[in-house]
Amino acid sequence: MKVFDAIMSNRILLSGILGWATAQILKTIIHLIVNHKLVLERLLGDGGMPSAHSATVTAVAVSTGLECGFESPFFAIAAILAIIVMHDAMGVRRETGKQAQVINELMDVFDKLGDTNLSVEVKLKEFVGHTPLQVFAGFILGIVMALIFKEVL
């Protein structure tokens with residue numbers, strides 16, 4: 001029970017979890033408003049507005065700074081990791097999503113042409129990366145979540 005209590009009292013960890021959960025819920029609501037369709041996969045899925053990756057790592061970094069000091073090596077590590085994750089979300093992960101979209105479109109064309117050697121049952125995930133705006137929105141959300149969490153607990 002001591003381990004569970006320690007985890008539940010870790011403000012940095014809980015701030016990151018709150019940032020992620022809030023981003024995922026907002027992502028699902030925004031997707032519903034824009035597409036007029038509830039897609040529950042958005043609650044756990046990658047991609048979309050705002051970036052849960054950015055919200056999570058930003059909340060962790062800011063909470064680390066608030067808890068340990070912005071001059072601490074712990075904040076430095078958290079901040080650098082946050083930058084890497086956000087850069088990756090806009091770069092490699094976004095390009096992967098674009099490639100998946102093109103491959104899925106090609107699979108549809110081949111299917112319409114009657115090529116039976118290709119399997120079109122499983123589509124590649126297209127929502128895997130983020131636009132700079134989605135990453136920025138997640139960044140702002142992460143800061144807000146860390147500040148709220150600091151005041152609440």
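Which residues of H6 are buried? They are Gln134, Val135, Gly138, Leu141, Gly142, Met145, Ala146 and Phe149, where buried means under 20% relative accessible area, exposed over 50% and partly exposed in between (1.4 Å probe, protein chains only). Welcome to this predicted model, in which local features need pLDDT of at least 70, side-chain atom pairs count only at pLDDT 80 or more, and totals for chains, interfaces and linings use all residues. Residues are numbered from 1 along each chain as its sequence is written, and side-chain values use heavy atoms, leaving out hydrogens and water.

**Confidence**
- The protein chain has a mean pLDDT of 83, with 81% of its residues at 70 or more; pLDDT is the predictor's confidence in each residue, from 0 to 100.
- Confidence is highest in helix H3 (residues 52-68), at a mean of 95, and lowest in helix H5 (residues 92-113), at 69.
- Helices are DSSP runs (H or I, at least four residues), numbered from the N terminus.

**Helix H6**
- The buried residues of H6 fall within an arc of 140 degrees seen down its axis, so they line one face of the helix; the arc is that of the directions from the helix axis to the C-beta atoms.
- Exposed Leu133 and Glu151 sit on the face of H6 turned away from the buried side.
- Helix H2 (11-35), H3 and helix H4 (73-90) are among what covers the buried residues of H6.

**Salt bridge**
- The whole structure holds one salt bridge, meaning a side-chain nitrogen of Lys or Arg within 4 Å of a carboxyl oxygen of Asp or Glu.
- Arg11 pairs with Glu67 in a salt bridge, with the closest N and O atoms 3.4 Å apart.
- This pair links distant parts of the chain, as Arg11 in helix H2 and Glu67 in helix H3 are 56 residues apart.

Conventions: Helices (H or I, at least four residues) and strands (E, at least two) are DSSP runs, numbered from the N terminus. Contact means heavy atoms within 4.5 Å.
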